[in-house]
Amino acid sequence: MFLLGTLVNGALIIIGTLIGRLLNRIPESMKTTVMYAIGLSVIVLGLQMGLKSENFLIVIISLVIGAVLGELMQLDEKLNQLGFWLEKKIGSLGIGSTGKGSISEGFVTATLIFVIGAMAIIGALDSGIRGDHDVLYTKGLIDGFTSIILTSTLGVGVIFSAIPVMLYQGLIALFATQIDRFIPQLLMDQFIVELTATGGVMIFAIGLNLTGLVKIKVANLLPAILVTAIIVAILYQYHQYF
């Protein structure tokens, strides 16, 4: 079953959120310190990923073009609107949040953290191509523990991040069942390397947001992932013919 790893990943996010919900009585000072710790850890993770690029010019160009496209499409605003819509729906059901705007903030922040990164793509590819779910199992455990902390600080909105995570990884896994027929392994390896670096810069930005140092609209950078794929494919074809 090529979707098993994705389903387990989503389930662990939900379980982590429910556990984190039980820990909402943690003192505010402790939550703040923990959030700073998460932010700093995410910054280091993003830095490590960003440095893996073999051609950082690809990363820069992808992020610049991606930022322009993201701003034109107003992805950050739309993602936040979805979060606020969820917040209103949850409120109408009488389910409380841990603070004003926490459902929206939790949903957006958790979605970006769990979706951006090489593990989501590599894991989904392994599930689809080889039926190997180990990477997504590992990612699921990491996401589950992260959900506990995020929920205790940002609120129950984190639970809704399981939906885009499962859709995103599920589609990649489905696509991967046929990918080896028309995409060479060398091209896929190059794409994963540069995607890891591009995603790492976004992860770095999320870490900065979590520490409160800046407020970067990370969702508006998401088109950079697609731009990275296009640039890598163009360079691959160029080297093949020249």
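Modeller: Happy to! In this predicted model, the largest pocket is lined by 33 residues. The volume of the largest pocket comes to about 730 Å³. Sorted by class, its lining holds 32 nonpolar residues, 1 polar residue and no charged ones.

Several helices build this lining. At least two residues each come from helix 4 (75-92), helix 5 (102-115), helix 6 (118-129), helix 8 (162-179), helix 9 (185-211) and helix 10 (223-241). Helix 8 gives the largest share, with 8 residues.

Helix 10 deserves a moment of its own. Its 19 residues should span 27 Å at 1.5 Å a residue, and this agrees with the 28 Å between its end C-alpha atoms. Buried residues in helix 10 are Pro223, Ala224, Ile225, Val227, Thr228, Ile231, Val232 and Tyr236.

Now for the second largest pocket, which has a volume of about 500 Å³. It is lined by 26 residues, and Glu105, Thr109, Leu154, Leu210 and Lys215 are the closest to its centre. Here the lining divides into 10 nonpolar, 10 polar and 6 charged residues, whereas the lining of the largest pocket has no charged residues. Helix 2 (28-50), helix 4, helix 5, helix 7 (134-154) and helix 9 each bring at least two residues to the second largest pocket. The largest share, 5 residues, belongs to helix 5.

Helix 7 leads us to one last feature. A search of the whole structure finds 1 salt bridge, and it joins Asp143 to Lys139, with their closest N and O atoms 2.6 Å apart. Side chains of opposite charge can pair when their charged atoms come close. Both Asp143 and Lys139 sit in helix 7, 4 residues apart, about one turn of the helix. An α-helix has 3.6 residues a turn, so residues three or four places apart point the same way. Asp143 counts as buried because its relative accessibility is 6%, under the 20% cut-off. Lys139, with a relative accessible area of 5%, is buried too.

Key: Residues are numbered from 1 along each chain as its sequence is written. This is a predicted model: local features need pLDDT of at least 70, side-chain atom pairs count only at pLDDT 80 or more; totals for chains, interfaces and linings use all residues. Side-chain values use heavy atoms; hydrogens and water are left out. On a 1 Å grid over the protein atoms alone, a cavity is a set of points where a 1.4 Å probe fits but cannot get out, and a pocket is an open set with protein on both sides within 12 Å along at least five of seven lines; lining residues have an atom within 4 Å of a point. Grid points are joined across faces, edges and corners, and a volume is the space filled by probe spheres set on the points. Ala, Val, Leu, Ile, Met, Phe, Trp, Tyr, Cys and Pro count as nonpolar, Asp, Glu, Lys and Arg as charged, and the others, Gly among them, as polar. A salt bridge is a side-chain nitrogen of Lys or Arg within 4 Å of a carboxyl oxygen of Asp or Glu. Buried means under 20% relative accessible area, exposed over 50%, partly exposed in between (1.4 Å probe, protein chains only). The expected span of a helix is 1.5 Å times one less than its number of residues.
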